[in-house]
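User: I would like to go through this entry and ask, for each label attached to it, what the label rests on. Please set the values against the cut-offs as we go.

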Amino acid sequence: MPNLKLFHFDIPTWGNYGDKALFPVVRDAFRVLGASDDAVGTHVVSGRAPGRASDSSTVDQVDFTSAAALRREVDTALIERINARADAVVIGGGGLFLQDTNPNRASGWQWKISAEALAAIKVPLIVYALGDNRFPGQPEFDELMRTHVSQVLDQSVFFGLRNTGSIETMSRFLGVDQTAGHTSESEGSQVGRLSQSGPIRFQPCPTTIAGLLYEPLIGRRPDPRQKVLAIQMLVHPRQIAAGFDAEVIHQATIDAARMLVAGGWRVLSTPFHPDDAEVSRQLVAEVPEVEEVRLYGPGVGFFAGFELFSSIPYVLGGRGHAQMIPFGVGSIPISLDLHAKLGYFAHDIGHPEFIVPVAPEGMTVDDVDSYSDSTGDDTDGNDTYSANQRARALAQRIVDTIEQAYAQGNDLQDDLASIRQNFLDITRENHLEIHDALHPGSGAGSLRTYAPRAATDAVRRTDGHLRTETDIYTEEFHLAAVAEAEGFSTAQTRELSKVRREHRQELENSASLRRQLDDERENLLTELKQKTTRLEQKSMDLDTQTTETNRQADEAIRLQRKLEESSVQLRSVNDRTAIAEAKVLIGKTAHGLKWRARRLRRMFSR
């Protein structure tokens, strides 16, 4: 039984080869290097005869009780199991300091554990080979992440980051003083011999020493005299958002492959991730001599890439592990400057010239001018350059960098081997300090105060068993099962999330429709109220008009009656007048007749 029992938060996956390879190598680094000071095997790992084993009866063994996906939310039941069964918790490695992958407001970074759940973990934490993975152009990390990572640092017996660039950026972010005792050599590796006295330590990614941890890789390294190059390339949408010209960079990679094939090189395309597949397809389609060796997918074991790159002397990549995994087995890694972490690693191994600069617009003016002057190509007097011009110039720069590395192949490989051994020594020293900081117990770890070892003490080299082919196959079987289960669980979670999203959308649509209907109802009620008011007003007006009409009708009747009375009176008056006039007329007529009669009598009397 192991004397030191660890729990591991990892990322089980088949989709990203870098992550697939990383986490089993983290565990194997603890198994190989996690022995105590009095272990029997004191020989240098890199010089050990294959198959030789230490006396396990006298070695403080280290192993892992279990593991959990760090991107899943950590619950109380898991914490209880950890506290009961583990002496410490290992987090990492990988570029976990990133906020837009597995975004959450529990921690603010990829490890999805709340501050309360984190505080409930009673065993010490071991932060192992993590990195600042913020992409170009992304905003600064926020206060939630600062507070949470500071809490992780406080609960850790070891807090190791995978490159000095991340140590600098995260130290500034967390407000940690790393100056005391921190030294580096002026030549060669930027790491030099770190005193490791600061709270944040340098812990190389264990993939960079994989060739010294696995028995099948001992003594193997690719022949730098062979013109063989592997290419992994992708300009990620995050980098495109920051202004990198994917069209130019991808075309330049294809053009460089074509130029290298014409120069006698054998070129392989080694996509690490499904996102790399399209660039790989274009590369193989446009340069038929290129062979594709796919490294992602459920049918590819974690050790496949180490086996592959142990026979490929030169690698061109755009991912962090497309540098580190080949470096770990003796390849010379050349990268495009697509992410700060690529530059950090190149500086840490003392070879910044392995980075091919790529300006956000795809090519600097000076580079295109230089290319144009050498080829007779120009811009017709304009200050702008076509995508083809910039791609050809970048392709030439890639080829020149690869050819320069080839010209120094033997010396470079020897130099990188010494850097790799230095990384192993640093890692071994870190494991000894971790071991000293922990008191193995019956299921619960405890922290004790300790001081860093003196620099002269770093010569102690204790190793456990190198990992054998049987160990590798066992781990690959375990990983395949876990990755399949995780893939199934992820698919279920994704489907459940989809159903939840659809349900939430339906609820939102229903709520929106309800709000719309409520609004329409309110509008109709308002309109009805307005119409009712208008109707009531019209009714009141009608009542008023009716009253007035009735009044006028009554008045008309009264007037009619009065008129009739007047008519009667008028007739009466008229009748009286007519009689009087008749009497007058008769009188007048009688008088006239009398007068005429007298006149006639007088006439006749004459």
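User: What makes aspartate 414 and arginine 221 a salt bridge?

Analyst: This is a predicted model, and in it the closest N and O atoms of aspartate 414 and arginine 221 are 2.7 Å apart. Because a salt bridge needs a side-chain nitrogen of Lys or Arg within 4 Å of a carboxyl oxygen of Asp or Glu, the pair qualifies. The two partners belong to distant parts of the chain, with aspartate 414 in helix α14 and arginine 221 in the loop between β6 and β7, 193 residues apart.

User: Why is aspartate 414 called partly exposed, and how is arginine 221 classed?

Analyst: Buried means under 20% relative accessible area and exposed means over 50%, with partly exposed in between. Aspartate 414 has a relative accessible area of 42%, so it is partly exposed, and arginine 221, at 38%, therefore counts as partly exposed too.

User: Which residue forms a salt bridge with arginine 201, and are the two partners buried or exposed?

Analyst: The partner of arginine 201 is glutamate 433, and the closest N and O atoms are 2.8 Å apart. Since arginine 201 lies in strand β6 and glutamate 433 in helix α14, the pair ties together parts that are 232 residues apart in sequence. Arginine 201 has 6% relative accessibility and so counts as buried, and glutamate 433, at 3%, is likewise counted as buried.

User: How do you know that arginine 31 and aspartate 28 are separated by about one helical turn?

Analyst: They are three residues apart in helix α1 (residues 17-33), which means a separation of about one helical turn. Arginine 31 and aspartate 28 form a salt bridge, with the closest N and O atoms 2.8 Å apart. Arginine 31 is buried because its relative accessible area is 18%, a value to be set against the limit of under 20%, while aspartate 28 is buried at 2%.

User: Which residues do salt bridges with shared partners join into one network?

Analyst: The network consists of Asp10, Arg27, Asp28, Arg31, Asp63, Arg467, Asp471 and Glu475. In the whole structure, a search finds 27 salt bridges.

User: What makes the phi of alanine 129 worth a remark?

Analyst: Most residues other than glycine have a negative phi. Alanine 129 is not a glycine, yet its phi is positive, at about 60°. Alanine 129 is placed in strand β4 (residues 125-132), and with a relative accessible area of 0% it is therefore buried. Asparagine 102, in the loop between β3 and α3, also has a positive phi, near 50°.

User: Why is the peptide bond from glycine 92 to glycine 93 called cis?

Analyst: Its omega is near 0°, and the bond is described as cis. Most peptide bonds are trans. Glycine 93 is found in strand β3 (residues 88-97).

User: What makes β9 and β12 edge strands?

Analyst: The open sheet of six strands has the order β9-β8-β7-β10-β11-β12, with parallel pairing. Strands β9 (291-292) and β12 (355-356) each pair on one side only, as edge strands. Two bridges join β11 to β12; since two strands pair if there are at least two bridges between them, this pair meets the cut-off.

Key. Residues numbered from 1 in each chain as written. Predicted model: local features only at pLDDT ≥ 70, side-chain atom pairs only at ≥ 80, totals over all residues. Heavy atoms only, no water. Helix = DSSP H or I, 4+ residues; strand = E, 2+ residues; numbered from the N terminus. Buried < 20%, exposed > 50% of the residue type's maximum accessible area, 1.4 Å probe, protein only.
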